[in-house]
Amino acid sequence: MAMKRVSVAEAKNTLPALLHEAETDPVEIVRRGKPVAVILSRARYDQLRGKNEGVWAALTRFRATHELTQLDAAGAFEDVRDESVEGRPVRW
């Protein structure tokens, strides 16, 4: 679904409604057909700015919602490491 686009004049006249709408979907503001701003929810803004739960909380939540024994983490990396004795050539 495309983001709703409104002109600066329309945004000025309907700001309360746009703020309500932006709580669920971002709203783009255009001036003379060119994008100049986006109204988005505070939750989405914080998410984009990195002000979210943090790595440890995300890891804890992931562990609580996924069965770790069914994940094949070792298999995902089995072809990544170079097991040869010589290793990879290095250029100086």
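The dialogue below takes up the sheet, the hairpin, the salt bridges, a loop and a surface patch in turn.

Modeller: Please keep in mind that this is a predicted model.

Colleague: How should I read the sheet, and what is the order of its strands?

Modeller: Strands of a sheet pair through backbone hydrogen bonds, either parallel or antiparallel. Here three strands form an open sheet in the order S1-S2-S3, and the pairing is mixed. Strand S1 (4-7) and strand S3 (34-39) are the edge strands, each pairing on one side only. From one strand to the next, the twist averages 35°.

Colleague: Which helix lies across S1, S2 and S3?

Modeller: That is helix H2, residues 15-22, which runs at about 70° to S3.

Colleague: In which sense do S2 and S3 pair, and over how many bridges?

Modeller: Strand S2, residues 27-31, pairs with S3 in the antiparallel sense, over five bridges. Individual residues can be followed across this pairing. Glu28 stands opposite Val38 in S3, and Ile29 stands opposite Ala37 in S3.

Colleague: What should I know about the side chains along a strand?

Modeller: In a regular strand the side chains alternate between the two faces of the sheet.

Colleague: How many residues lie between S2 and S3 in their hairpin?

Modeller: There are two residues between them, and Arg32 is in the turn. Arg32 has a positive phi of about 55° although it is not a glycine. This residue, Arg32, lies in the loop between S2 and S3.

Colleague: Is Arg32 buried or exposed?

Modeller: The cut-off for exposed is over 50% relative accessible area. Arg32 has a relative accessible area of 79%, so it is exposed.

Colleague: Let us turn to salt bridges. What makes a pair count as one, and how many are there?

Modeller: A side-chain nitrogen of Lys or Arg must be within 4 Å of a carboxyl oxygen of Asp or Glu. By this rule, the count is three salt bridges. One of them joins the side chains of Lys4 and Glu21, at 3.1 Å from N to O. This pair links distant parts of the chain, with Lys4 in strand S1 and Glu21 in helix H2, 17 residues apart.

Colleague: Why do Lys4 and Glu21 count as partly exposed?

Modeller: Partly exposed is the class between buried, under 20%, and exposed, over 50%. Lys4 is partly exposed because its relative accessibility is 33%. Glu21 is partly exposed because its relative accessibility is 28%.

Colleague: Which side chain meets that of Arg5 in a salt bridge?

Modeller: It is the side chain of Glu28, with a distance of 3.4 Å from N to O. This pair also links distant parts of the chain: Arg5 is in strand S1 and Glu28 is in strand S2, 23 residues apart. At 45% relative accessibility, Arg5 counts as partly exposed, whereas Glu28, at 14%, counts as buried. Glu28 is also the residue that stands opposite Val38 in S3.

Colleague: Where do Arg42 and Asp46 lie?

Modeller: Both are in helix H3, four residues apart, which is about one turn of the helix. Arg42 and Asp46 form a salt bridge in which the closest N and O atoms are 3.0 Å apart. Arg42 is exposed, with a relative accessible area of 55%, while Asp46 is buried, with a relative accessible area of 18%.

Colleague: Is Glu23 buried or exposed?

Modeller: Glu23 counts as exposed, at 56% relative accessibility. Glu23 is found in the loop between H2 and S2. The C-alpha atoms of Glu23 and Ile39 are separated by 8.9 Å, and these residues are 16 apart along the chain.

Colleague: Finally, which residues form a nonpolar patch on the surface?

Modeller: The patch is formed by Trp56, Leu59, Phe62, Leu68 and Leu71, which together have about 490 Å² of accessible area. Phe62 is placed in helix H4, residues 55-65. With 32% relative accessibility, Phe62 counts as partly exposed.

Methods. Residues numbered from 1 in each chain as written. Predicted model: local features only at pLDDT ≥ 70, side-chain atom pairs only at ≥ 80, totals over all residues. Heavy atoms only, no water. Patch = residues over 30% accessible without salt bridge, like charges linked within 9 Å, V, L, I, M, F, W, Y side chains within 5 Å. Areas by Shrake-Rupley, 256 points an atom, 1.4 Å probe, with all protein chains shown as cover. Buried < 20%, exposed > 50% of the residue type's maximum accessible area, 1.4 Å probe, protein only. Pairing = 2+ DSSP bridges. Axes fitted to C-alpha atoms, helices over the stretch in contact; angles between N-to-C directions. Contact = heavy atoms within 4.5 Å.
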